[in-house]
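Dear colleague,

I am passing on the structure below, together with some notes on what was found in it.

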Amino acid sequence: MVILGIETSCDETAAAVVVDGKRILSNVFASQAKEHERFGGVVPELASRAHAEQMLLIIDEALVKAGVTLDEIDQIAVANGPGLIGSLMVGVNAAKTLAWSRNLPLVSVNHLHAHLYASLMQEEQEVTFPAIGVILSGGHTAILKMHSLTDYELLSTTVDDAIGEAFDKAAKVIGLPYPGGPEIEKLAKEGGGARFGLRPGRVKRSPHYFSFSGLKTGFLYAAKGAGAKKESPLLLKQNELADLAYEFQEVAFGDVVKKTLKIAREVGCSTLLFGGGVTMNQRLRELFHEQATGMQLLFPGKGLSLDNAAMIAGLGYHLGKNERAFDLHLEPSPSVSLLGGVD
Ligand code: KG4
Ligand code: ZN
């Protein structure tokens with residue numbers, strides 16, 4: 001089954017062709033990072049316009065790179081949420097139009113669910129469920145118990161900022177460009193120590209849950225002085241900023257590793273699946289490899305951590321096996337949660 005995947009939930013216009021849920025023939029995207037960089041974050045209106053400009057070019061490129069024509073596509077899969085409404089509308093409408101004009105089945109895919117599926121795309125062996133799913137992205141932080149590929153329950157999430165968002169905001173405070181995660185990782189490589197006293201967030205009534213807003217404020221005060229505002233001047237020199245980035249990363253990831261492993265042990269799962277842009281971070285992977293002894297760790301392969309359409313086409317294969325028709329009533333669901341309800 002040859003599936004064309006389409007993904008436009010945030011700031012990547014992406015398309016991919018995947019065979020039988022795993023064999024990736026193409027996985028291409030147009031990044032809008034440059035357009036949003038000077039604003040320090042994604043500007044929704046700019047994102048929708050850029051998607052509209054790029055969508056057809058990217059679909060074309062995905063087909064050409066895969067060496068297939070539209071006649072050889074058996075099904076279309078599209079990310080219909082969660083994400084930015086204007087961005088999602090472009091991808092969903094492109095998918096509906098193609099499905100209608102070629103009389104192809106259309107399957108809608110939850111973007112977050114697809115992030116987890118990404119870690120399974122390059123696995124030869126079947127993964128045994130139940131497993132723990134860990135989503136660390138710009139918009140979400142979630143730990144799930146996955147009973148199967150399609151049946152899961154939420155065990156932990158954040159009560160405020162998502163982890164990637166905290167990295168992006170911290171980077172902005174010290175003048176680094178968007179997206180901030182890779183910038184903080186790079187700077188942290190030159191730093192060390194723990195002299196700023198940063199602490200992980202604690203959620204009293206739900207100790208498994210995350211909170212990153214206190215850590216983010218701790219970072220701001222360490223960089224610009226107690227009680228400082230975001231626009232206040234920096235007090236630290238370059239080498240001190242590297243130490244601060246290091247400490248921020250260690251504290252944020254230390255918290256993620258600790259809570260994830262505690263949950264995994266409590267529910268008796270020894271397979272961990274990871275997804276989302278933050279799982280690109282090599283220090284995060286290293287910490288899990290050091291501390292998750294005896295557990296099977298599955299991280300997304302190359303090109304599958306950040307937002308991409310291969311994961312949409314891949315999961316679409318499993319979700320759409322019984323799909324026979326295109327649903328022209330499909331609408332974007334910007335606030336859909338992982339569990340199908342609304343966040
Ligand atoms: O999954 P993703 O592409 O988009 C969402 O669905 O949100 O994740 C993007 C997030 C951004 O916050 C970005 O700063 C973060 O992933 N990110 C990283 C790294 N690479 C991307 N965070 C930490 N370290 C990285 N190397
Ligand atoms: Zn994402």
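Let me begin with the ligand and one of its contacts: a nitrogen atom of ligand 1 is placed 2.8 Å from an N or O atom in the side chain of Glu-185. Please bear in mind throughout that this is a predicted model.

At Gly-138, a backbone N or O atom lies 2.8 Å from an oxygen atom of ligand 1, and at Val-278 a backbone N or O atom lies 3.5 Å from an oxygen atom of ligand 1. Taken alone, ligand 1 would expose 550 Å², and the protein buries 91% of that area. As for its location, ligand 1 sits in the largest pocket.

The elements that give two or more residues to the shell around the ligand are helix H4 (111-118), helix H5 (163-173) and helix H6 (180-188), and of these H6 gives the most, with 4 residues. The shell comprises 19 residues, of which Gly-138, Asp-168, Glu-185, Gly-277 and Asn-281 come nearest to ligand 1. Sorted by class, the shell has 5 nonpolar, 11 polar and 3 charged residues.

Why does ligand 1 lie between domain 1 and domain 2? Domain 1, which covers 2-117 + 303-321, and domain 2, which covers 128-298, both give residues to the shell around ligand 1, so the ligand lies between them.

The peptide bond from Phe-129 to Pro-130 is cis, with omega near 5°, and Pro-130 is found in the loop between H4 and strand E6 (131-136). A cis peptide bond also joins Tyr-178 and Pro-179, where omega is about -5°; Pro-179 has its place in the loop between H5 and H6. Finally, Asp-20, although it is not a glycine, has a positive phi of about 50°, and this residue lies in the loop between strand E2 (12-19) and strand E3 (23-31).

With best regards

Technical notes. Residues are numbered from 1 along each chain as its sequence is written. Chains are lettered from A and ligands numbered from 1 in the order in which they are written. This is a predicted model: local features need pLDDT of at least 70, side-chain atom pairs count only at pLDDT 80 or more; totals for chains, interfaces and linings use all residues. Side-chain values use heavy atoms; hydrogens and water are left out. A residue is near a molecule or strand if one of its heavy atoms lies within 4 Å of it. A polar contact is a pair of N or O atoms within 3.5 Å; within protein, one must be able to donate a hydrogen and the other to accept it, and residues adjacent in sequence count only if both atoms are side-chain atoms. Accessible areas come from the Shrake-Rupley method with a 1.4 Å probe; for residues, only the protein chains shown count as cover. On a 1 Å grid over the protein atoms alone, a cavity is a set of points where a 1.4 Å probe fits but cannot get out, and a pocket is an open set with protein on both sides within 12 Å along at least five of seven lines; lining residues have an atom within 4 Å of a point. A molecule sits in a cavity or pocket if more than half of its atoms lie within 2 Å of its grid points. Ala, Val, Leu, Ile, Met, Phe, Trp, Tyr, Cys and Pro count as nonpolar, Asp, Glu, Lys and Arg as charged, and the others, Gly among them, as polar. Domain bounds come from an automatic or database domain assignment.
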